[in-house]
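Hello,

Here is the structure I promised to pass on.

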Amino acid sequence: MAVITCIADLKELHRKRTPKMFFDYCESGSYTEQTFRENISDFAQVRLRQKVAVDMSGRSTESAMIDQKVAMPVALAPVGMTGMQRADGEIKAARAAAKFGVPFTLSTMSICSIEDVAAQSPAPFWFQLYVMRDEDFVDAIIERAKTAGCSALVLTLDLQILGQRHKDLKNGLSAPPKLTLPNIVNMATKVQWGLEMLGTPRRFFGNIVGHAKGVNDPSSLMTWTAEQFDPKLDWSKIARIRDQWGGKLILKGILDAEDARMAADFGADAIVVSNHGGRQLDGALSTIRMLPSILAAVGDRTEVFLDSGIRSGQDVLKALALGATGTMIGRAFIYGLGAMGEAGVTAALEIIRKELDTSMALCGERDVKALRRENLLVPEGFFDSYA
Ligand SMILES: Cc1cc2nc3c(=O)[nH]c(=O)nc-3n(C[C@H](O)[C@H](O)[C@H](O)COP(=O)(O)O)c2cc1C
């Protein structure tokens with residue numbers, strides 16, 4: 001592909017260059033994938049209001065997320081197994097984000113460890129926590145994130161149990177991949193991926209191996225992770241983690257106004273309106289549809305970020321104009337990483353910034369912080385057609 005113009009181009013390269021099991025892992029929603037699809041199609045229903053004869057010089061996409069200056073209000077979302085999409089993927093994405101001036105979030109289920117990323121990234125990053133049954137592990141990983149200088153804890157609330165993604169079961173997803181005949185045949189066609197992967201020692205869940213009790217090799221690891229997500233996670237546990245962490249806290253996976261109110265009561269610095277990119281509760285509504293009711297519930301008591309379905313700067317503009325103070329992208333940056341490594345993540349960020357800037361200008365706005373509801377045209381009943 002000669003010229004890359006949009007996120008869809010990066011996705012096509014990602015598909016070509018990455019083993020099928022990891023591309024499918026990225027490109028899946030749970031069950032029927034209705035929510036996964038509607039996250040995107042609902043963004044398309046919200047339209048932009050064109051304004052002309054406005055001075056468009058001196059534009060800015062700069063803003064802040066939890067008091068951190070950002071080149072644009074778009075953070076990289078936590079994505080498990082990023083280091084399987086491309087060797088050392090978390091380090092590459094963290095570097096691209098730091099150089100661009102946006103936050104990177106490291107997943108608990110990353111391949112590169114917290115310590116590895118801290119050593120290789122030029123800027124502090126956010127750490128995402130999955131609450132596990134093993135409380136010693138949770139306590140220790142919070143301390144590790146503090147020691148590594150992580151500037152926020154992103155506590156994910158919508159994965160106490162795993163939504164089923166059919167393709168992962170059919171593909172026998174694992175890290176590293178099992179050397180079955182179909183996997184070997186498929187990987188043999190992904191030469192660059194394979195060479196880079198052979199050149200790195202980072203091929204296991206780096207935050208877990210050697211840190212969790214009884215997990216010292218890959219076979220015990222898969223069993224451990226499958227059994228470890230804590231089904232008992234509730235607000236009292238969230239309070240305990242908040243107190244132990246003591247720093248900036250972002251609660252991720254909120255899709256309901258009442259839950260958002262609770263999160264604000266618990267002192268969250270920000271919430272992420274998210275349905276995990278359609279990977280958990282299939283049948284849930286899209287985040288863009290749920291956003292206004294959540295904003296109305298929390299007012300300005302906490303910052304409100306949105307993810308799930310963002311594939312362009314126009315999507316970012318729509319979320320901000322509705323009142324979100326920031327956004328996160330998952331697949332959009334993973335496509336870039338799978339396509340071209342660190343340069344691909346940078347390309348994804350550049351594409352989104354340019355689209356945001358151009359669309360903002362054509363809406364007659366110069367400052368991303370000034371975007372508001374009047375910049376949008378929304379079909380009647382869009383936000384309240386479900387009750
Ligand atoms: C392949 C993949 C792995 C993910 N792993 C995690 C994870 O480890 N922790 C987490 O909180 N969210 C995880 N998510 C959800 C993302 O953080 C984010 O909410 C979602 O990707 C946003 O939707 P989008 O991909 O449409 O941008 C994952 C998403 C994808 C696509």
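The ligand is surrounded by 24 residues, and the closest are Ala77, Gly80, Ser107, Gly277 and Gly330. Keep in mind that this is a predicted model. By type, the shell around the ligand holds nine nonpolar, 11 polar and four charged residues. Helix 2 (20-26) supplies at least two residues of that shell, and so does helix 16 (331-362).

Now the overall fold. The protein chain has 16 helices and 12 strands. Its C-alpha atoms fill a box of roughly 60 × 55 × 40 Å along the principal axes. The radius of gyration is 20 Å; a compact globule of 387 residues would have one near 21 Å, so the two agree. Buried residues account for 48% of the 387. Of the contacts between residues at least 6 apart in sequence, 72% join residues at least 24 apart.

One helix I followed up is helix 14. Helix 14 covers residues 287-298, 12 residues in total. At 1.5 Å a residue it should span 16 Å, and its end C-alpha atoms are 16 Å apart, so the length agrees.

Which residues of helix 14 are buried? They are Thr287, Ile288, Arg289, Met290, Leu291, Ile294 and Val298.

Best wishes

Terms used:
Residues are numbered from 1 along each chain as its sequence is written. This is a predicted model: local features need pLDDT of at least 70, side-chain atom pairs count only at pLDDT 80 or more; totals for chains, interfaces and linings use all residues. Helices (H or I, at least four residues) and strands (E, at least two) are DSSP runs, numbered from the N terminus. The radius of gyration is taken over C-alpha atoms; the globule rule is 2.2 Å times the number of residues to the power 0.38. A residue is buried if 20 or more other C-beta atoms lie within 10 Å of its own, exposed if 12 or fewer, and partly exposed in between; C-beta atoms are placed from the backbone. Two residues are in contact if their C-beta atoms, placed from the backbone, lie within 7 Å. A residue is near a molecule or strand if its C-beta atom, placed from the backbone, lies within 6 Å of it. Ala, Val, Leu, Ile, Met, Phe, Trp, Tyr, Cys and Pro count as nonpolar, Asp, Glu, Lys and Arg as charged, and the others, Gly among them, as polar. The expected span of a helix is 1.5 Å times one less than its number of residues.
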